[in-house]
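Trainee: I have a structure open and would like to talk it through with you. Shall we go feature by feature?
Mentor: Happy to. Bring it up and ask away.

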Amino acid sequence: RVNQKAIRYMKREGDIVNFHRSSSLMSPKYATLFWSGDQLVTYDRHDGLKSALINIFNAGLSGLSMIHSDIGGYTMMNRCYFGICLNYSRSCDLLMRWSEMNAFTDVIYRTHEGSDPAPNEAQVYSSNASKAHFSAFASVHKALCSYRTALMKEASLNGVPVARHPMLHYPQLDHLDTQVMLGADILMAPVLQHNSNKVNAVLPDIRHESSSSSSSRSSGREVWVRWPHFQEMLPPHHHQYHRHNGNADQHSMEVEVDAPIGVPAVFIKSGMADRWPDAWNALKNLGERVLREAKGGLYNC
């Protein structure tokens with residue numbers, strides 16, 4: 001509340017964004033943005049990359065509709081206490097995987113050098129690979145500007161989180177904690193394990209949702225399109241939609257997809273081409289870029 005008053009007093013509401021880690025019931029009324037705090041530079045669910053994903057869900061369901069995390073985490077450590085040695089160092093692949101997730105989830109896109117940066121800690125400027133990768137996914141974040149801005153307006157009006165748990169749209173996915181949606185049109189299953197190049201994703205059946213998109217081959221019905229390839233995810237015979245709890249309106253398709261560094265598992269509704277053509281076209285161009293750069297080894301740590 002004090003920060004809000006100070007910004008208003010200086011008449012700088014249009015160009016100052018202050019973000020907070022601590023919050024209470026009334027905090028969203030006064031704070032413009034929150035962040036997830038000081039995660040460890042790890043993948044784990046307790047205080048690493050996966051905890052940042054889980055915090056998106058928890059914050060969104062608690063009324064903190066706009067949130068972000070430090071790309072790559074923050075807390076580093078290389079010390080011994082009473083014979084017990086702790087070593088938390090940021091790896092190149094963790095930094096890149098965090099960059100990929102935040103490009104499709106966070107309100108703002110930023111990293112941090114960390115609590116105790118040593119020469120061996122991966123930074124976005126550490127190598128040509130990290131610089132190229134960060135540049136590509138910062139461009140992805142920028143490409144979603146108009147779409148994200150509309151979601152932020154929606155959040156300010158009714159509290160719906162910008163990035164959200166899929167169950168807000170598809171209740172049959174309430175058991176998942178490994179994939180997230182940006183608005184209603186983008187679903188992501190981030191890589192949450194070290195040295196993993198594949199992910200499993202559950203895609204809800206959206207064929208009953210109407211779409212006027214000319215990009216769809218499905219007679220005006222919505223289909224999921226895999227980014228960055230822009231290939232439609234139509235259910236082949238071995239990937240049928242499964243019914244949930246006997247409800248014919250709650251089907252989903254389980255898929256395993258390749259997701260090497262630079263090619264995260266992101267799925268976009270085909271109707272986004274008409275609803276948000278600027279974002280769709282920018283993502284399509286960037287998809288060609290990241291596929292080319294990833295195939296050329298530009299992101300190799």
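Trainee: What is the handedness of the link of Cys92 and Cys301?
Mentor: Keep in mind that this is a predicted model. A disulfide joins Cys92 to Cys301, with 2.1 Å from S to S. The torsion about the S-S bond is -80°. That makes the link of Cys92 and Cys301 left-handed.

Trainee: How many residues apart in sequence are the parts that Cys92 and Cys301 tie together?
Mentor: Start with where the two ends sit. Cys92 lies in helix 4, while Cys301 is in the segment after helix 8 (277-295). The pair therefore ties together parts whose separation in sequence is 209 residues.

Trainee: What pattern do the disulfides of the protein chain follow?
Mentor: The structure holds two disulfides. One of them joins Cys80 to Cys85, and another joins Cys92 to Cys301. Counting bonded cysteines along the chain, the pattern is 1-2, 3-4.

Trainee: Why is the disulfide of Cys80 and Cys85 called right-handed?
Mentor: The sulfur atoms of Cys80 and Cys85 are 1.9 Å apart. Cys85 is exposed, at 54% relative accessible area. As for handedness, the disulfide is right-handed because the torsion about the S-S bond of Cys80 and Cys85 is about 100°.

Trainee: How many bridges join strand 4 to strand 5?
Mentor: Strand 4 covers residues 77-81, and strand 5 covers residues 84-88. The two run antiparallel, and Asn78 stands opposite Asn87 in strand 5. The number of bridges joining strand 4 to strand 5 is five.

Trainee: Which residue takes a positive phi in the hairpin of strand 4 and strand 5?
Mentor: The hairpin has two residues between the strands. The positive phi is near 55°, and the residue that takes it is Phe82.

Trainee: What is the count of buried residues in strand 5?
Mentor: Strand 5 is made of five residues and is hardly covered. Its count of buried residues is zero.

Trainee: How many residues apart are Arg79 and Asp116?
Mentor: Their side chains meet in a salt bridge at 3.8 Å, N to O. Arg79 is in strand 4, whereas Asp116 is in the loop between helix 4 (92-103) and helix 5 (128-143). Arg79 is partly exposed at 39%, as is Asp116 at 36%. The pair links distant parts of the chain, and the separation is 37 residues.

Trainee: Which residue's side chain meets that of Asp38 in a salt bridge?
Mentor: Asp38 is in the loop between strand 2 (33-35) and helix 3 (49-61), and its partner is 17 residues away, in the loop between strand 1 (19-20) and helix 2 (27-30). The N to O distance is 3.0 Å, and the partner is Arg21.

Trainee: How many salt bridges does a search of the whole structure find?
Mentor: We have looked at pairs, among them Arg79 with Asp116. There is also a network that links Arg45, Lys50 and Asp177. The search of the whole structure finds 14.

Trainee: Which residue, among those with the most contacts inside the largest nonpolar core, touches Phe104, Phe137 and Val140?
Mentor: That core has 63 residues, and those with the most contacts inside it include Phe104, Phe137, Leu144 and Ile186. The residue you want also touches Pro264, Ile268 and Leu283, among others, not counting residues up to four places away in sequence. The name is Trp227.

Trainee: What radius of gyration does the protein chain have?
Mentor: The C-alpha atoms fill a box of roughly 60 × 45 × 40 Å along the principal axes. A compact globule with 301 residues would be near 19 Å, so the chain's value agrees with that. The radius of gyration of the protein chain is 20 Å.

Conventions:
Residues are numbered from 1 along each chain as its sequence is written. This is a predicted model: local features need pLDDT of at least 70, side-chain atom pairs count only at pLDDT 80 or more; totals for chains, interfaces and linings use all residues. Side-chain values use heavy atoms; hydrogens and water are left out. A salt bridge is a side-chain nitrogen of Lys or Arg within 4 Å of a carboxyl oxygen of Asp or Glu. Helices (H or I, at least four residues) and strands (E, at least two) are DSSP runs, numbered from the N terminus. Buried means under 20% relative accessible area, exposed over 50%, partly exposed in between (1.4 Å probe, protein chains only). A disulfide is a pair of cysteine sulfur atoms within 2.5 Å. A nonpolar core is a set of buried Ala, Val, Leu, Ile, Met, Phe, Trp, Tyr and Cys residues joined through side-chain atoms within 4.5 Å. Contact means heavy atoms within 4.5 Å. Two strands pair if DSSP finds at least two bridges between them. The radius of gyration is taken over C-alpha atoms; the globule rule is 2.2 Å times the number of residues to the power 0.38.
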